[in-house]
Amino acid sequence: MLDLFTILTRGGVVVWSKTFAPIQGNPINNLIDQVLIGEHGYSDKQRYTTGPYELQWATANDYNLVFVTAFQKVLQLTYIHELLQIVKQKFCSLYGERIQSHDWSAIDFDSEFLDVLDALESQSEKMALLSHQSTTKKEKRVWDDSKITSERMKEFDYSGTADEVSTGDQLDHLVDSTAMGQRSADGQYSVQDLERPSQSDDDEDDDTDGNQPATSATGRLVSFFQSLTGRKALQESDLTPVMERMREHLMAKNVASDIADHICSSVGQSLLSMPASALGGTGMFSSTQKAVRSAMETTLQRILTPHTPVDLLRDIESARISNRPYSIVFVGVNGVGKSTNLSKVCFWLLQNKLKVLIAACDTFRSGAVEQLRVHAHNLKALSDNAVVDIFERGYGKDSAGIAKDAITYAKNNQYDVVLVDTAGRMQDNEPLMRALAKLVSVNDPDKIIFVGEALVGNEAVDQLKKFNQALKDFSGLARPRHIDGIILTKFDTIDDKVGAALSMTYTTGQPILFVGTGQTYTDLKNMKISHVVQSLLSN
Ligand SMILES: Nc1nc2c(ncn2[C@@H]2O[C@H](COP(=O)(O)OP(=O)(O)OP(=O)(O)O)[C@@H](O)[C@H]2O)c(=O)[nH]1
């Protein structure tokens, strides 16, 4: 359980705080003195222990705010990262402007905060069951011990302990039979498409509205355009105020400002090219509405269509014909869902009757290897005749070498695919990014998949850019490497704030291969453009 959550300015002024238990000493002051404004400046690991407490925090640079949690360091609370990100986003959107004008009086954030905390705590309890206790072994990372002794490593090596695996009953919860994907006539299994938000059906039926004001089902965004109906000929100046509102609406959905500009200008151009009769006659509002939707669809299609399309199953088949395993490396910052989503991808591959070897290359985070071992066990139990095994060498070893051995082992034992799990790392931590680049240069994998959280919005774009840059700068391969595809996780937590999905493809040209929508193996979906359009059009 959490002991304290505090929101501070960088100067140390408490803007809002919630205490859940009597606090011993003054952990927040210690954090401010020793880390935040101390000689070390802002630490990129954003984790600090003092007395009986572990403190974790997130910063909102635009508002000069620091969001801090404190809890007993003996606890392993898996939801802290998510809690910080969601609270940061909510708080900044509610109070950001006031904070910028230095008005932090009477901030009443309790109920919003408690809603988020309750939801995450109950999700985490459910997860503790679904994830089979393995994640409860997560402990404080040891990244910053630049020289890790073998004794220290032994402390973190759980590989000799008994596996905690699921019983039959628990396994039932790991696959939602109603969420299974489709199988084509030739037996190929594809994951489900992400459902369109329910509002979409209403919207499609709204075409007969004519001059009627926008209903709530029509969507606030489309209603902005009502002022344009009934005009003989649309002028660019008529559009300016509408576009400003549209831009704000898109940015509220986490669409980055340059992409919001791009969408607005494309929708504007499309409206300007409409014949005057379309805006002036009966059914004029429905024409405007259709034009907006169709212009958005066209623009988003362009943004979301990757430079190089990826067809993993086809590529795996080509590798199989060449008698070699296909290797995929999963990378990303800490706690974004790399291992969980690697396992969902594994489930999809097993449904396609492929033989999979999981290489446990997170050799730092205690419990990481066991977490994968449990997944491999469950996946094997869930799919008939599934071949899925784990290649592990414990902790503290060179992950590049383990991945290499795993790929060799897979080749010698006729596995079709090697899924390489890597340790989470912050994008600004150069030594760790170099280590990742080394893993890539030693193994030259077929695909490098970036796993990012949808809920951190455009922060994920910064992560992605820096991972890309590090791979380019440090891997030293003749064929420069970069991220080849993206899995956007925790899509189930963002409602309609789909902006990060757009930004990530827009900035890299790489595809969103899947989105993660929960914690079962069937919570991996294809993201369709219609889903994004509908989310952006909704209120
Ligand atoms: N709601 C939701 N939770 C998810 C999703 N994917 C992963 N998680 C949860 O996110 C938490 C972290 O997942 P992990 O797979 O352990 O993350 P990781 O990136 O491997 O973590 P590190 O190895 O510590 O860097 C777990 O509680 C997962 O159940 C998702 O799509 N939706």
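At what angle do helix 8 and helix 9 pack, and how far apart are their axes? First, what you are looking at: this is a predicted model, where local features need pLDDT of at least 70, side-chain atom pairs count only at pLDDT 80 or more, and totals for chains, interfaces and linings use all residues. Residues are numbered from 1 along each chain as its sequence is written, and side-chain values use heavy atoms, with hydrogens and water left out.

Back to the question. Helix 8, residues 236-252, packs against helix 9, residues 257-272, at an angle of about 145°, and the axes are 9 Å apart. Helices here are DSSP runs of H or I with at least four residues, strands are runs of E with at least two, and both are numbered from the N terminus. Axes are lines fitted to C-alpha atoms, for helices over the stretch in contact, and angles run from 0 to 180 degrees between N-to-C directions. The crossing of helix 8 and helix 9 is right-handed, meaning that the near helix is turned clockwise from the far one by less than a right angle.

On the helix 8 side, the contact (heavy atoms within 4.5 Å) includes E236, L239, M243 and R247. Among their partners in helix 9 are S257, D261, C264 and L271. By class, this contact has 11 nonpolar, 2 polar and 3 charged residues. Nonpolar covers Ala, Val, Leu, Ile, Met, Phe, Trp, Tyr, Cys and Pro; charged covers Asp, Glu, Lys and Arg; the others, Gly among them, are polar.

Helix 9 also meets helix 18, residues 499-508; these axes come within 10 Å and cross at roughly 90°. Helix 9 and helix 18 are therefore roughly perpendicular, a label for angles of 65 to 115 degrees, while under 35 is roughly parallel, over 145 roughly antiparallel and the rest oblique. D258, I259, H262 and I263 of helix 9 touch L502, S503 and Y506 of helix 18. That contact divides into 4 nonpolar, 2 polar and 1 charged.

The next pair is helix 15, residues 399-412, and helix 16, residues 430-443, with axes that come within 8 Å and cross at roughly 30°. That makes the two helices roughly parallel. Their crossing is right-handed. Helix 15 brings S399, A400, A403, K404 and I407, and helix 16 brings K438, L439, V442 and N443.

On a 1 Å grid over the protein atoms alone, a cavity is a set of points where a 1.4 Å probe fits but cannot get out; a pocket is an open set with protein on both sides within 12 Å along at least five of seven lines; lining residues have an atom within 4 Å of a point. Grid points are joined across faces, edges and corners, and a volume is the space filled by probe spheres set on the points.

The second largest pocket has a volume of about 650 Å³. It is lined by 22 residues, with V310, I512, L513, N526 and M527 nearest its centre. Strand 14 gives the most to this lining, with 3 residues. The lining has 15 nonpolar, 5 polar and 2 charged residues.

How many cavities of 30 Å³ or more does the structure hold? There are 4. The largest cavity has a volume of about 50 Å³, and its lining includes K344, F347 and W348. Helix 13, residues 338-351, gives the most to that lining, with 3 residues.
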